[in-house]
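Here are my notes on this one, as promised. Have the model open while you read, since I go helix by helix.

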Amino acid sequence: MKQAIIILLGTLLSVNAFSNVNHIDISKISSDSNLVTAFNFIKDNQQYYDHWASEWSYDKSKDELKKELKADFSEFSALPTGNEELFLLLGDIAHYLHNLDDTAYYKVAIKNYNLAINANPTDYRPYWFLGFHYALSNVPVKAVENLLKAQTLLPAEQSADFWNEYSWAAYVTNMPSHCIYAMDKVRSITGKKGSFETQFGQAIYKKMIPVDKDKSYNKQDLWVSSKGEKIAFTSRPLGIKILIDSTWNLSINDYAHHQGAFIINPPALLTKKGQAVPYTIAILMKTAGDSDKLDDYLNKFVSQYPNKHKVAFSDKYDKTVAYEIRDKTMYQNHGGGHLYMIGVERDAPKYPGLLLEDATALPQSNAGMSYYRASDSKDRFKGKLFYAVMLDSCEDIHEESLAILKTLFDNQIIIE
């Protein structure tokens, strides 16, 4: 596995503060003096190989360190009984050898971390170590999956070392909100900045660009897209992520007059008579003032319809109002209009973007060293936002279009 060559904030990343090996208990592995000495050597010299270095400028020989680590790996591997602690150590030694450019140990590290997980699936450390190994190897999705799993298993007395490594991994997987969250966790545990924040914290905060809700913005300035099983459209300033099928047509409006819009036209649905009938789902996003009310905002849309009533549409968000609307004057050839309007109110979260971020990999290059500068991220609009999700449909395709709206709202829209 090729090492990721990473330039962070314009500076070659070489944070010498990674310390998960310090959370391994040698007494649970062996009391043999030679093995204890070997373990102490691994810990005492971790600053040389706990990260990958593009140029070796240290006072110790890289080859001698590799030779020693390989010998240690063989000695510990020869122990007759494996347990979680041993598998974690073997994973770390392999991880260090991979950082020293012995790429054959990349999979060896993964194998041993997974053996540790199998030995004790309720311990956060194997997921932490494995996630960090993936992060250093530019495998972002697996890195974040394991770190998030570790987060769910943390003990009451949490490790600042975990959050310090989490902040590094979050940054190199392009998750700045998670990075800021992790830096704050370190500070709350220790009462001071962690080593990562000390070196890079201010630069990361500066890359969170404020936006002004009273100004206008082009859609390209507020939205980004990424392709996976579905296409994800994310707007950090508007606090929303929308996942849509590749077969759906859409249009995105610029942000103006405190409002943006995301219009979806899924493929037409067939009526019982076999007629293809189109329908539309629109999502409006409005920056609101402190005194503005969600009901007043929705009333601007629904007041024109005499046949409307409030319904319990979803309990996904705490501040939600929904209307079901029928209008016989619309779509008369298809039984009349049958519409829905769902309003959601959300205050600005403490860590905007935390629910929206996905891990992304740095570009890979086979042409020697590659330099990548971390991109800026626009922050969320300040204050509360209103969201209006509207289904414009008719009676003939009511059940089918409503089912698609429900799936979209419950599973494919994330609102912070």
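1. The axes of α3 (residues 62-77) and α4 (residues 84-99) cross at roughly 160° and come within 10 Å. Axes here are lines fitted to C-alpha atoms, for helices over the stretch in contact, with angles from 0 to 180 degrees between N-to-C directions. The crossing of α3 and α4 is left-handed, that is, the near helix is turned anticlockwise from the far one by less than a right angle (clockwise would be right-handed).

2. Before going on, the ground rules. This is a predicted model, where local features need pLDDT of at least 70 and side-chain atom pairs count only at pLDDT 80 or more, while totals for chains, interfaces and linings use all residues. Residues are numbered from 1 along each chain as its sequence is written, and side-chain values use heavy atoms, with hydrogens and water left out.

3. Overall picture: the chain has 13 helices and 17 strands, taken as DSSP runs numbered from the N terminus (helices H or I, at least four residues; strands E, at least two). Its C-alpha atoms fill a box of roughly 85 × 45 × 45 Å along the principal axes. Of the 416 residues, 52% are buried, meaning under 20% relative accessible area, with exposed over 50% and partly exposed in between (1.4 Å probe, protein chains only). Take the contacts (heavy atoms within 4.5 Å) between residues at least 6 apart in sequence: 67% of them join residues at least 24 apart.

4. Back to α4. How many of its 16 residues are buried? The count is 16 of the 16, so α4 is largely enclosed by the rest of the structure. From first C-alpha to last, α4 reaches 22 Å, close to the 22 Å expected at 1.5 Å a residue; the expected span is 1.5 Å times one less than the number of residues. Just after α4, Asp-101 has a positive phi of about 75°.

5. On the α8 side, the contact residues include Trp-163, Tyr-166 and Tyr-171, and on the α9 side they include Tyr-181, Met-183 and Ile-189. By class, the contact of α8 with α9 has 11 nonpolar, four polar and one charged residue (Ala, Val, Leu, Ile, Met, Phe, Trp, Tyr, Cys and Pro count as nonpolar; Asp, Glu, Lys and Arg as charged; the others, Gly among them, as polar).

6. What sits against α9 on its other contacts? The axes of α9 and α10 cross at roughly 140° and come within 11 Å, which makes α9 oblique to α10. This crossing is left-handed. Cys-179, Ile-180, Met-183, Asp-184 and Arg-187 of α9 meet Phe-196, Glu-197, Gly-201, Ile-204 and Tyr-205 of α10. That contact divides into six nonpolar, one polar and three charged residues.

7. Still on α9: its buried residues include Pro-176, His-178, Tyr-181, Asp-184 and Val-186. Among the elements covering the buried residues of α9 are α7 (140-152), α8, α10 (195-206), β3 (208-209) and β15 (377-378). The 15 residues of α9 should span 21 Å at 1.5 Å a residue, and the end C-alpha atoms are 21 Å apart, which agrees. Just after α9, Gly-191 takes a positive phi of about 80°.

8. Two asparagines to check by eye. Phi of Asn-138 is near 60°, positive in a residue other than glycine; Asn-138 lies in the loop between α6 (124-136) and α7. Asn-174, in the loop between α8 and α9, has phi near 65°, also a positive value in a residue other than glycine. Buried or partly exposed? Asn-138 is buried, at 8% relative accessible area, whereas Asn-174 counts as partly exposed at 38%.

Methods:
Parallel < 35°, antiparallel > 145°, perpendicular 65-115°, else oblique.
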